[in-house]
Amino acid sequence: MSSPFDQVLIQSDVEQLEQADLSLLETLDHVLNRGLVIAGEITISVADIDLIFLGLNVLLSSVETANEVIKKRG
Amino acid sequence: MSDLAYYVYCIVESAATAELPGDSLPPAIEHGATLEWVATQDLAALTSQVSLVSYSEESLNHHLSDPSWIAERAMRHETIAEFVAKRVAVVPLRFGTIFLERAGIEQMLSDKREELRAILERVRGREEWAVNVICDQSMLMSSITSVSPVLRDLTERAAQASPGQSYLIQKKIDALRVDEARDALNRIIDEVEQTLAAKSDDAKRLRMLKVETTEYGEMKAKFAFLVKKSEFDQFSDAAERLAREHQSAGVGLEFGGPWPAYNFTGLKKDEFSV
């Protein structure tokens, strides 16, 4: 069974970040919710960011669970 | 009109770009694109070109419903901001800042020159550290019973009372324990904030979008501190002391960092005053 997150997990830059022992969720929280907001010509509204983040949160929790299951089997 | 736009990652002083040539930097947000500095006299924005097929308002909105699309790109954004922050003072921008023309970035750099320079001064030589307060509720509850005189007294009375009375006293004990545990936790959270704020240049309590559970318990508060690199040892000593002190009450501290100063890119309260 494949989840949309499989594509992300096989990305080498994600692996690098994991090796650097960064929490994926913390990273997303910083990049999506914080940082200086400059009104470029195209920007994502704050309301949208909350929705994306909640979606990611749910997705990541399920990935964590899946990883634990895989570890136990392995 | 070109079908390309500019994605902007972060802003530094123009002079600092000499230490960060484009070909030394991590990969851009989209494969195949190269990172490029767009500079004015004293400020420079780190950018790469993106296709409007993916980054137009309409496509971006469409991609927003695809968490894997966002996650992958948010990671690249962070890798770049972190790489730059390790070397020079930087203003990290939030994900998804896009300009249609190079001239638009130059205009922004000159329009916001004062504000950007103020942020660069504030974050120079400093890093952001995250501190999360985690609580093991059952450990906290049992530590409360052992330290609260009211609860100890009630527990003794319940032991000697008739079954009916004992049941009622037990109900009261349960309600009191919940209240006292909450108060105790809030006192610890305040202490963490005040102690670490005193060891840093700025502190922010961050909102939590949902209850986050970690392997050590539930996250109860989330802070970001702006710490001078040269004073990190004092900060981390204080944090470790707090962690040891409250361990037996089931309250733990989780540290993360160093981050680019994402949470300190707004103006400080006192800088708003005229």
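**Close-up views of the predicted model**

View 1. With a relative accessibility of 24%, B:Phe232 counts as partly exposed, whereas B:Phe235 is buried, its relative accessible area being 2%. In this predicted model, both residues belong to helix 9 (residues 232-246) of chain B, where they stand 3 residues apart, about one turn of the helix. The ring centres of B:Phe232 and B:Phe235 are 6.5 Å apart and the ring planes meet at 35°, so the pair is classed as tilted.

View 2. Over all chains, the count of aromatic pairs comes to 8. For B:Tyr7 and B:Tyr55, the ring centres lie 6.1 Å apart with the planes at 75°, and because planes over 60 degrees apart count as edge-to-face, the pair is assigned to that class. Since B:Tyr7 lies in strand 1 of chain B and B:Tyr55 in helix 1 of chain B, the pair ties together parts that are 48 residues apart in sequence. B:Tyr7 is buried at 0% relative accessibility, and B:Tyr55 is buried at 1%. Ring pairs also join B:Tyr7 and B:Tyr55 with B:Tyr9, B:Trp69 and B:Phe95 in a cluster.

**View 3. The buried side of helix 4 of chain B.** Within helix 4 (residues 102-111) of chain B, the residues B:Gly104, B:Ile105, B:Met108 and B:Leu109 are buried. They cover an arc of only 135° around the axis, which puts them on the same side of helix 4 of chain B. The buried residues of this helix pack against strand 1 (4-13), strand 2 (35-39), strand 3 (43-51), strand 5 (98-99) and helix 5 (113-123) of chain B.

**View 4. B:Glu72 in helix 3 of chain B.** B:Glu72 is found in helix 3 of chain B and is buried, with a relative accessible area of 10%. B:Glu72 and B:Glu30 are 42 residues apart in sequence, and their C-alpha to C-alpha separation in space is 9.8 Å.

**View 5. Two buried cysteines of chain B.** B:Cys10 is buried at 0% relative accessibility, and B:Cys135 is likewise buried at 2%. The count of disulfides over all chains comes to 0.

**View 6. Confidence along chain A.** The mean pLDDT of chain A is 61, with 26% of its residues reaching 70 or more. Within chain A, confidence is lowest in helix 1 (residues 6-9), at a mean of 40, and highest in helix 3, at 82. Residues 1-22 of chain A have a pLDDT below 50, and in the model this stretch has 30 contacts beyond near neighbours in sequence.

Key. Residues are numbered from 1 along each chain as its sequence is written. Chains are lettered from A and ligands numbered from 1 in the order in which they are written. This is a predicted model: local features need pLDDT of at least 70, side-chain atom pairs count only at pLDDT 80 or more; totals for chains, interfaces and linings use all residues. Side-chain values use heavy atoms; hydrogens and water are left out. Buried means under 20% relative accessible area, exposed over 50%, partly exposed in between (1.4 Å probe, protein chains only). Helices (H or I, at least four residues) and strands (E, at least two) are DSSP runs, numbered from the N terminus. The arc is that of the directions from the helix axis to the C-beta atoms. Contact means heavy atoms within 4.5 Å. A disulfide is a pair of cysteine sulfur atoms within 2.5 Å. pLDDT is the predictor's confidence in each residue, from 0 to 100. Rings of Phe, Tyr and Trp (its six-membered ring) pair if their centres lie within 6.5 Å; planes under 30 degrees apart count as stacked, over 60 as edge-to-face and the rest as tilted.
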